[in-house]
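The following exercises are to be worked with the sequence and the model at hand. Each task is followed by a solution in steps.

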Amino acid sequence: MTKSMRPVLFMLLGIFFASVLVNVRAAKRPEKLSPAFHKNRLEELYRRCPDGLILLRGEVDWYRKREIRAFDSSYADFNFKQERNLYYLTGIEVPNSFVLIDPGKKEVRLYTDWKGARELEEVRKLEYVTGPYPAEAFLHDVLLRSRDYASLYTLYIPFLEAGSLYGKTGALAGVFPPGLGEPLSEETQFARRLAETFPSHRIKSVHPQLLEMQRIKQEEELRLLRRANEIAAHGVVEAMRAIRPGLYDHDISAVMQYVFTREGSVSPTFALNVMSGPNMFLDLLPLWSDYDHLDRQMKSGEGVFLDVGVEVNYYVSDIGRTAPVSGKFSAAQKRLYEVYLPCFLKAEQSIRPGITQHDLVKICASCARERLSSLKEDYLRKAVQVFIAEVESHSTLGHYQDMNVLGAGAENDQPLQTGMVFAIEPILYSKELNFAAFVEDVILVTSDGYEVLSKGMPYTVDEIEKLMAQKSIIEASEERR
């Protein structure tokens, strides 16, 4: 090798290794909510609940998802997750905890017998938290401090009013038939035991105050919501690249799961919904009730429906898209989609402070009705007529999001305010085509309009087809074998 060639070689090697480093760069998890955020939330809670102690019960060490345990006492998950309201207010992530919040003294007291050094070291960094004290001292201290208050607040909420998918679904499905009575959630049991122990005090739910506090998202919450939606959008984009005839639904789920984990999400918001072919417009209950998640091999000419989300430091996303399995829309599928998309976008682009969720419903339905008169195809007219009726049967096009996929926000006839975050997800389905046109975005209401948090996903037919023509993670991995 001549001396004159060496600089060129070193430059080429440098470019190569730089590209490799870019491709294998570490995906750092985002910072959690800061102590300053929790102090701010506590100050707001003191203002809203001056008449009582706030008593919170944390999650136990190797369980999570308390709402699932209400249906299956044997449910276990070895990934710990603190009860989200306790975490939102305090930042405490110590398992097996009780927390006493004294609004008069502006004090947060932690009670636990947990011995884990890492968790206890983290909680010592929270200068507004005292303790930990032995768990057995919790009720004794409640007795002493409750003399100054008329009420005791807990997270108690009547089970069937909780708004959780599990609660309402269980009741409607007849899991709890007449005669068995309302199921007792763990929070309900906690509240009743407090009522028995402290009969002179009124037991009140802190849940309404928390919902009010969570309606408008703080900047730190928006940071995490942006990241959750960014990761979810990346997963959907990679999934759409991977969709091909002959692959299974689980192949596409695996691509998204890889992206989600690789980019730092803790877990999916819910089971990844990949619904292809005859399952494209399926209610979630049949999908979730099947052991294999109704997994099937995708075929050319079919469509596939992606409805997914991820959780990042307790904050969640919920987004989705439709795609043709073959990578190209048929003429009829394209026609259906191009009737749908302008109505979706018209509603989305109307979002601003002052408008209501019900207004967005009217805008979407009105757009579809205007297009109806020009439609010649019978399948298309039927689908749009059903779409209009379906949209108008609801008072919202989606749902709010925060730590909960069904989050806090304005009532459907109340004006939207700056800082509210919600998903918009109307669906136009043709029974004859067995194809659903579906776009789900997550929106932040800003002072002068809106911001799409789930940015980066395709909208138009051309954008979808161009994306699906690109090489996927699956193809790249197979080429390396």
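**Exercise 1. A hairpin and an open sheet**

Task: Identify the bridge partner of Thr446 in β17, and describe how β16 and β17 are joined.

Solution. The model is a predicted one. Thr446 has Gly449 as its bridge partner in β17. Strand β16 covers residues 435-446 and strand β17 covers residues 449-452; the two run antiparallel and are joined by four bridges. With two residues between them, β16 and β17 form a hairpin.

Task: State the strand order of the open sheet that contains β7, β10 and β11, and name its edge strands.

Solution. The order is β7-β10-β11, with antiparallel pairing. The edge strands, each pairing on one side only, are β7 (267-268) and β11 (315-316). Strand β10 (residues 310-312) pairs with β11 over two bridges. Glu311 has Val316 as its bridge partner in β11.

**Exercise 2. The nonpolar cores**

Task: Determine which residues touch the most other members of the largest nonpolar core.

Solution. This core has 118 residues, and Ile92, Ile252 and Leu306 are the members that touch the most others. Helix α10 (residues 219-242) contributes the most to the core, namely 12 residues. The surroundings of Leu306 can then be inspected. Neighbours within four places in sequence being set aside, the contacts of Leu306 include Val236, Ala239, Met240, Ile252, Met256 and Phe438.

**Exercise 3. Buried or exposed?**

Task: Decide whether Thr90 is buried or exposed, and describe its surroundings.

Solution. Thr90 is located in helix α4 (residues 84-90). Its relative accessible area is 0%; buried means under 20%, so Thr90 is buried. A polar atom of the Thr90 side chain lies 2.7 Å from the backbone oxygen of Leu86. Beyond neighbours within four places in sequence, Thr90 is in contact with His38, Leu42, Val99, Ile101, Val108, Leu126 and Tyr128.

Task: Classify Ala469 in the same way, as buried or exposed.

Solution. Ala469 sits in the loop between α16 (461-468) and α17 (473-479). Because its relative accessibility is 63%, and the cut-off for exposed is over 50%, Ala469 counts as exposed. The C-alpha atom of Ala469 is separated by 9.0 Å from that of Lys328, although the two residues are 141 apart along the chain.

**Exercise 4. Salt bridges within helices**

Solution. 

1. Glu44 is buried at 18%, whereas Arg47 is exposed at 55%.
2. Arg227 is buried at 18%, and Glu230 is partly exposed at 35%.
3. Because they are four residues apart in helix α15 (residues 378-392), about one helical turn separates them. Lys382 is partly exposed at 41%, as is Asp378 at 48%.

Task: How many salt bridges are found in the whole structure, and which residues are linked in a network?

Solution. The search finds 31 salt bridges. Asp102, Glu107, Arg109, Asp141 and Arg145 are linked in a network of such bridges.

Methods:
Residues are numbered from 1 along each chain as its sequence is written. This is a predicted model: local features need pLDDT of at least 70, side-chain atom pairs count only at pLDDT 80 or more; totals for chains, interfaces and linings use all residues. Side-chain values use heavy atoms; hydrogens and water are left out. A nonpolar core is a set of buried Ala, Val, Leu, Ile, Met, Phe, Trp, Tyr and Cys residues joined through side-chain atoms within 4.5 Å. Buried means under 20% relative accessible area, exposed over 50%, partly exposed in between (1.4 Å probe, protein chains only). Contact means heavy atoms within 4.5 Å. Two strands pair if DSSP finds at least two bridges between them. A polar contact is a pair of N or O atoms within 3.5 Å; within protein, one must be able to donate a hydrogen and the other to accept it, and residues adjacent in sequence count only if both atoms are side-chain atoms. A salt bridge is a side-chain nitrogen of Lys or Arg within 4 Å of a carboxyl oxygen of Asp or Glu.
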